[in-house]
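Reader: I have some questions about the terms used for this model. Please answer each by setting the value against the definition.

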Amino acid sequence: MISVIVPVFNTAKEKLLRAKFSLDRQDETDFEVVWYDDGSKEETASTLDAFASERHRVYHRPNRGQSEARYQGFLLSRGDYVLFLDSDDYLEPDALSSLLSEAKRTGSRMVIASYLSHREGKKKGRPWLFRGKKERMDEERFLTRFLHGIKIRGFVWGRLYARSLLEEVYPFPYPNRLFEDACFTLALGFFAKDVSYLPKPIYHYMVGSHDSLTGKANPHRLEDHLYAFMAIKEFLQSHGTEKSLRQFRRSASWMKWNLLFDARISVRGGLPRREAKRIVKDGVRSLKE
């Protein structure tokens, strides 16, 4: 059985209904949904209560952040496989069956698929596709793909994980910051040993959603992304090899590009431009050390 875990915090009713509709029309039948309400307001909480059924289980807890909500949802789940779905996103009808089929075919404990990136209000999504066909990755190839943003981005949603893998990695130290799942993604890939990539868009990711933390102008976005990169470096220092650390340092140019992009968003959110330049300069130097 697959457990779909949906952390929820004040998501608009129409988006919750969209997510639920995409789950109800899955062609895979052996799955459950854990809706984990992370201290939402009454409107969101009552919408979730209306979902409650044998398949759709709803839990309400005080607010402790999205990553903690995912973890607590995992503890409440019962499936042999787990997929995380953000509450403002939705799935293709064959998402679960496609991921499960690939997991069983390859024996991989982590299956990554492509996705469609949307702006709210636009029906047509931009496919996040990559050259090549299906691929299986060992630790070294996974790290290369991850550090350069090829096939693997630093988020946990839309992927299928064996329960045994999550049990091996959890509990994980989460800071209360944006991009908190980047290092978690790296840890999952390292412990999985064997990761499969499916070049098929099965997930609809809503970019710039008002319910999405990463979609808002935020003065802390730059610092949070730098913190995530440093957490990755520390993880490699503890669990990787000297070769993996060299590979990390070689990817500093790609990380610098990301930080420059984040700097613009942080400045729009109120971070002084001079401070943003200083954070980027000092941050890139620290990443290369």
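Author: Axes here are lines fitted to C-alpha atoms, for helices over the stretch in contact, and the angles between their N-to-C directions run from 0 to 180 degrees. The model is predicted. In this model the axes of α5 and helix α9 (residues 242–250) come within 10 Å and cross at roughly 20 degrees.

Reader: What makes α5 roughly parallel to α9?

Author: Angles under 35 degrees count as roughly parallel. The axes of α5 and α9 cross at roughly 20 degrees, and therefore α5 is roughly parallel to α9. The crossing of these two helices, α5 and α9, is right-handed.

Reader: Which residues of α5 and α9 meet?

Author: Contact means heavy atoms within 4.5 Å. From α5 come Glu140, Leu143, Thr144 and Leu147, and they meet Lys243, Ser244, Gln247 and Phe248 of α9. By class, the residues of this contact of α5 with α9 are three nonpolar, three polar and two charged.

Reader: Why is α5 called roughly antiparallel to α7?

Author: Helix α5 spans residues 139–147 and helix α7 residues 182–192; their axes come within 9 Å and cross at roughly 160 degrees. Angles over 145 degrees count as roughly antiparallel, so α5 and α7 are given that description. The crossing of α5 and α7 is right-handed.

Reader: What residues make up the contact of α5 with α7, and how do they divide by class?

Author: On the α5 side are Glu139, Phe142, Leu143 and Phe146, which meet Ala182, Thr185, Leu186, Gly189 and Phe190 in α7. The contact of α5 with α7 has six nonpolar residues, two polar and one charged. Gly counts as polar in this scheme, and Gly189 is among the α7 residues.

Key: Residues are numbered from 1 along each chain as its sequence is written. This is a predicted model: local features need pLDDT of at least 70, side-chain atom pairs count only at pLDDT 80 or more; totals for chains, interfaces and linings use all residues. Side-chain values use heavy atoms; hydrogens and water are left out. Helices (H or I, at least four residues) and strands (E, at least two) are DSSP runs, numbered from the N terminus. Angles under 35 degrees count as roughly parallel, over 145 as roughly antiparallel, 65 to 115 as roughly perpendicular and the rest as oblique. A crossing is left-handed if the near helix is turned anticlockwise from the far one by less than a right angle, and right-handed if clockwise.
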